[in-house]
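Please open the model in your viewer and keep the selection tool at hand. The stops below say what to select next and what is found there.

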Amino acid sequence: MIKELIAVRRATLVVALAAIVCLPLVAAGGQAQRTAPEIKRVSLTAGRSTVLTTDFDITRIAVTNPAVGDAVVVQPREILIDGKSAGTVSLIVWGDGRRDQYDLVVEQGVTNLQQQLQALFPGEDIRVNASDEAIILSGQVSSNPVMLRAGEIAQATSSKVRVINMLQLPGGSESQQVILQVRFAEVNRRAMTELGSSFFTGGTGYKDYIGRSTTQQFPAPNFNNLKSTAANGQVDVSGELTFSDFLNLFVLNTKYNVGALIKALQSTGFFQSLAEPNLIAYNGQEASFLAGGEIPVPVVQGNTNSVSVQFKEFGIRLTFTPTIAGDVIRLKVRPEVSTLDFGNGITLSGFRIPALSTRRAETDVELRDGQSFVIAGLLDNVTQDTNQAVPGLSRLPIIGNLFKSKSERAERTELMVLITPRLVRPLDPDEVPPLPTRPREFLPAPVGDIGSQLEGGGGTVDAPPARNP
């Protein structure tokens, strides 16, 4: 009996001690719950202000980021809050034995651009999100002209930032890639006629006469090292005649030492070229294509007179930037065709450097998927007539034509560009068409080879020779 009484007293003592230990903890936990500040929410728009009223005298305040929202105490129980930019910051207010915490939520206000778009396009769902680097247009619009005009207005109001037009049209295509099928067709026709003559004597002359007639339009012979020596009452004459070009007809009488050079040439030419480049570009990104080559051009550097080489491109070039607006494609295209022009080239240090003849067009067009447009009428007509004559002699009847020369040149070039844009999308693996294959074996199998009996063909051409057991 005594032992049981002692055990009961011990258990009671343990319970009492546990209650004494747990009591401060429970009290501390309740006090912590009572003193935990309740975070309140204050919402305002960027660029506007609001007044926060408290029920106690304010001694001190703090704001985490004044660039988002700032606060100042204007009365013992009033705080003026200014919203500066979109974001969320904390506002802590201290008073006599009290502390409150607030979340300041600053929302982006309606920008001037969005107000303009809402006034110009009433009833359209156009939202504007602006940052330091870009302006994003989002929402739903009813037609393609509204979408394009909204993008143009946004770009005009902020020319230094990038405009991302994400406005959507009902039934618009999901494709964001454009393939441009272009056909260049060029036709060149030219004709030339040259006629002229030059008369001359040999280097020793004819009966003490040395002469030459030329209009300087075509090359004529030159006299070099002319000498006249008198000895024993006789005159010895010597000289050389240099020809730079024998032209077309050359006649020289060795008995009378008299000759003539005649330039009589008529030529015609026809040139036709066709190129069909295809180029794929992403929506809003520029793409370019060049089918041609490069020519080296020597360039003299500064005072050192050192010569370096720069390369100039020529050929058929295409540069375009597509903009997909629903089912309409707006294109900024710049086709160019350049060819080598040796007739207008120059000669530098013995090197013949041709000029470049360039035809270029740049325009903006708007059309739907699969439609085509043509840039034609790029004509280049060149007519050149050059006549030269010896004064006086060229006016003589009949023989006056021998002292005249002429050159007639006519050239006509026409360029046509046919452009067809199409919306494209990548193919899934199961949509890729099979490649064309040869219906027969790549290598014929030897006669009697067992490989010919296998499906797909086979053979032992490269195998070691078979041995009889």
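Begin with the lining of the second largest pocket, whose residues divide into 7 nonpolar, 9 polar and 8 charged, where Ala, Val, Leu, Ile, Met, Phe, Trp, Tyr, Cys and Pro count as nonpolar, Asp, Glu, Lys and Arg as charged, and the others, Gly among them, as polar. The model is a predicted one, in which local features need pLDDT of at least 70 and side-chain atom pairs count only at pLDDT 80 or more, while totals for chains, interfaces and linings use all residues. Residues are numbered from 1 along each chain as its sequence is written, and side-chain values use heavy atoms, with hydrogens and water left out.

This second largest pocket has a volume of about 560 Å³. Select Asn188, Arg190, Asp341, Arg409 and Glu411, which are the closest to its centre of the 24 residues that line the pocket. S20 gives the most to this lining, with 6 residues. On a 1 Å grid over the protein atoms alone, a pocket is an open set of points with protein on both sides within 12 Å along at least five of seven lines, a cavity is a set of points where a 1.4 Å probe fits but cannot get out, and lining residues have an atom within 4 Å of a point. Grid points are joined across faces, edges and corners, and a volume is the space filled by probe spheres set on the points.

The largest has a volume of about 50 Å³, and among its 11 lining residues Ser197, Ser198, Thr214, Phe218 and Pro219 lie nearest its centre. Strand S11 (residues 177-201) gives the most to that lining, with 3 residues; strands here are DSSP runs (E, at least two residues), as helices are (H or I, at least four), numbered from the N terminus. The lining of the largest cavity has no charged residues.

Which side chains meet in a salt bridge with an N to O distance of 2.9 Å? They are those of Glu336 and Arg360, a pair that links distant parts of the chain, with Glu336 in strand S20 and Arg360 in strand S21, 24 residues apart. A salt bridge is a side-chain nitrogen of Lys or Arg within 4 Å of a carboxyl oxygen of Asp or Glu, and the structure holds 18 of them. Glu336 counts as buried at 12% relative accessibility, whereas Arg360 is partly exposed at 45%; buried means under 20% relative accessible area, exposed over 50%, and partly exposed in between (1.4 Å probe, protein chains only).

Then select Arg149, Glu152, Arg330 and Glu366, which are linked in a network of salt bridges.

A contrasting stop is Glu124, in the loop between helix H2 (112-120) and strand S8 (125-130). Glu124 is buried yet has no salt bridge, and the nearest side chain of opposite charge, Arg127, is 11 Å away (Lys and Arg count as positive and Asp and Glu as negative, with His and the chain ends not counted). Leaving aside neighbours within four places in sequence, Glu124 is in contact (heavy atoms within 4.5 Å) with Gln140, Val141, Ser142 and Val146.

Finish at Phe243, in the loop between strand S14 (234-242) and strand S15 (249-253), which counts as partly exposed at 24% relative accessibility. Not counting residues up to four places away in sequence, Phe243 touches Phe200, Pro221, Phe250 and Leu261.
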